[in-house]
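I set out to record, in order, what I looked up in this structure.

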Amino acid sequence: MRTKTLKKNRINVVTLGCSKNVYDSEVLMGQLKASGKDVVHEEEGNIVVINTCGFINNAKEESVNTILEFMQKKEAGDVDKVFVTGCLSERYKPDLQKEIPNVDQYFGTTELPGLLKALGADYKHELIGERLTTTPKNYAYLKIAEGCDRPCSFCAIPIMRGKHRSTPIEELVTEAEKLASNGVKELVLIAQDLTYYGLDLYKKRNLAELLEALVKVDGIEWIRLHYAFPTGFPMDVLDVMNREPKICNYLDIPLQHISDSILKSMRRGTTKEKTTKLLKEFREKVPNITIRTTLIVGYPGETEEDFQELKQWVEEMRFERLGCFTYSHEENTHAYNLKDDVPEDVKIDRANQIMEIQSQISWELNQQKIGHTYKVVIDRKEGNYFVGRTEFDSPDVDNEVLIDATKTYLKTGEFATVKITEAEDFDLYAEVV
């Protein structure tokens, strides 16, 4: 007996994990729609596709809990079928099939045609760039490459996503044009490693050339770079950033640590000296660049001395944006052979100490913005505020600009020029000028 009448054969796609998963879900939804399927994102549907994340323990836990939650709904007759795809499924398919056997089918990260077939749809090659975007209409992710060739000891991504594969420039331009025609104004470029882009296709690092092509797309006003890698960074990218107003003065470059012994064990291919020199060059070449980085604390063998060195370096570098994660011991990675010897409470304490330093730095940098004017894009309205971002802020992870909606009317998805009136650790308050 069905407890609820749901619209028959409506496919609900549920996305967990990073922006690369968001992108994959959007491609899947575009393909389903092209096959005439009724598809929604995280709404009610009697057929469910869960796009999982398998990166670190917390993400794996969330993915497993989500699968179990939908299995209960299936048993209660609230949904008919549950399919699981994405990184967790790629990495642990045999285990999942054994532990949660009543999932209808499991698919890996490269099995989109098979998943579509199971959903009664055909894979259409000609649909390059056709996606059902799930982000606010003004921005979209543009995945320029898949997989990764880096040997980082702590990372399971190559296990789940395979070797680095760049998408040709002309395909990405077509995709950007389609997004722009649907009202997208900001492209957030993503990949496991942006700086490797083009090596496989063009035999050289070709990110700068890709950017030159994308800035010509009408309607796109901002292009933002996410997930660069410090080793072998193509410096010509900074020249394009300086020259082209559409490219945000923003770079997300996860650096992970700074102690030479930890960097060596992490197999990052760089040193403290090289990293510090690289950041200095970024700031010299693009004086008003905003650098976002992420760090890992509690990596095997991280001593108190290593951690103090990292802390001091964070204070010296004054990153505009920074996130800090505790180390997660991942099977089948190189670091899994090491002893996970930093206690969990020490890991958490170290991460908190780093974020405390960062929140003070962020507050000080934000105070300097008071009285200055910025171009912001309005992402949404929340309560009595319109919530926007400057070019120095990426969606979901960075600072936001709050504008009093009782005094001013703004359209979401549009740009506005504002003056900063007040600043907190991570948020700015502004009025329209």
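**Entry 1: the N-terminal sheet**

The model I was reading is a predicted one. I then looked up the strands on either side of this bridge: β1 (residues 10–15) and β2 run parallel and are joined by four bridges.

Which order do the strands of this open sheet follow? I noted five strands in the order β2-β1-β3-β4-β5, with parallel pairing. At the edges I found β2 (38–41) and β5 (105–106), each of which pairs on one side only.

Helix α2 (residues 57–75) touches β1, β3 (47–52) and β4 (81–86), and its direction makes about 170° with that of β3. Helix α3 (residues 87–99) touches β3, β4 and β5, and its direction makes about 125° with that of β4.

I consulted the record for this part of the chain. An unreviewed UniProt entry places the feature "domain: MTTase N-terminal" at residues 9–124. Over residues 9–124 I recorded 47% helix and 21% strand, with the end C-alpha atoms 20 Å apart.

I turned to the next annotation. The unreviewed UniProt entry gives "domain: Radical SAM core" for residues 134–365. Over residues 134–365 the chain is 41% helix and 16% strand, and 32 Å separates the end C-alpha atoms.

Here I found an open sheet of six strands, ordered β6-β9-β10-β11-β12-β13 and paired in parallel. Why is one side of β6 and of β13 left without a neighbour in the sheet? I noted that β6 (139–143) and β13 stand at the edges with a single partner strand each, so one side of each has no neighbour in the sheet. On average, and with direction ignored, neighbouring strands of this sheet are turned by 20° against each other.

I looked more closely at one pairing. β6 and strand β9 (residues 186–190) pair in the parallel sense over five bridges. Within β9, L189 is the bridge partner of L142.

For the helices, I noted that α12 packs on the sheet and touches β12 and β13, its direction making about 165° with that of β12. I also noted helix α9 (residues 236–243), which lies across β10 (222–225) and β11 (247–252) and runs at about 145° to β11.

Is strand β16 largely enclosed or largely open? I found that four of the five residues of β16 (residues 400–404) are buried, so the strand is largely enclosed by the rest of the structure.

I then looked up the pairings of β16. With β15 the sense is antiparallel, over four bridges, and G388 has V401 in β16 as its bridge partner. With β18 the sense is parallel, also over four bridges, and E400 has D427 in β18 as its bridge partner.

**Entry 2: aromatic pairs**

How many aromatic pairs does the count come to? I recorded nine, taking ring centres within 6.5 Å as the rule.

One of the pairs I looked up is Y299 with Y327, which is edge-to-face at 5.4 Å centre to centre, with 75° between the planes. Y299 lies in the loop between β12 (290–297) and α12 (304–317), and Y327 in the loop between β13 (321–326) and α13 (344–367), so the pair ties together parts 28 residues apart in sequence. I checked the accessibility of both: Y299 is buried at 0% relative accessibility, and Y327 is buried with a relative accessible area of 4%.

I also looked up Y385 and Y429, an edge-to-face pair at 5.9 Å centre to centre, with 70° between the planes. Y385 is partly exposed at a relative accessible area of 33%, whereas Y429 is buried at 18%.

**Entry 3: charges over rings**

Last, I looked for charged groups placed over rings. I found the charged end of K20 over the ring of Y227, 3.9 Å from its centre. I also found K375 over the face of F415, at 4.4 Å from the ring centre.

Key: Residues are numbered from 1 along each chain as its sequence is written. This is a predicted model: local features need pLDDT of at least 70, side-chain atom pairs count only at pLDDT 80 or more; totals for chains, interfaces and linings use all residues. Side-chain values use heavy atoms; hydrogens and water are left out. Rings of Phe, Tyr and Trp (its six-membered ring) pair if their centres lie within 6.5 Å; planes under 30 degrees apart count as stacked, over 60 as edge-to-face and the rest as tilted. Helices (H or I, at least four residues) and strands (E, at least two) are DSSP runs, numbered from the N terminus. Buried means under 20% relative accessible area, exposed over 50%, partly exposed in between (1.4 Å probe, protein chains only). A charge sits over a ring if NZ of Lys or CZ of Arg is within 6 Å of the ring centre and within 35 degrees of the ring normal. Two strands pair if DSSP finds at least two bridges between them. Contact means heavy atoms within 4.5 Å. Axes are lines fitted to C-alpha atoms, for helices over the stretch in contact, and angles run from 0 to 180 degrees between N-to-C directions. UniProt positions are given in the numbering used here, feature names are shortened, and annotations may be inferred rather than shown by experiment.
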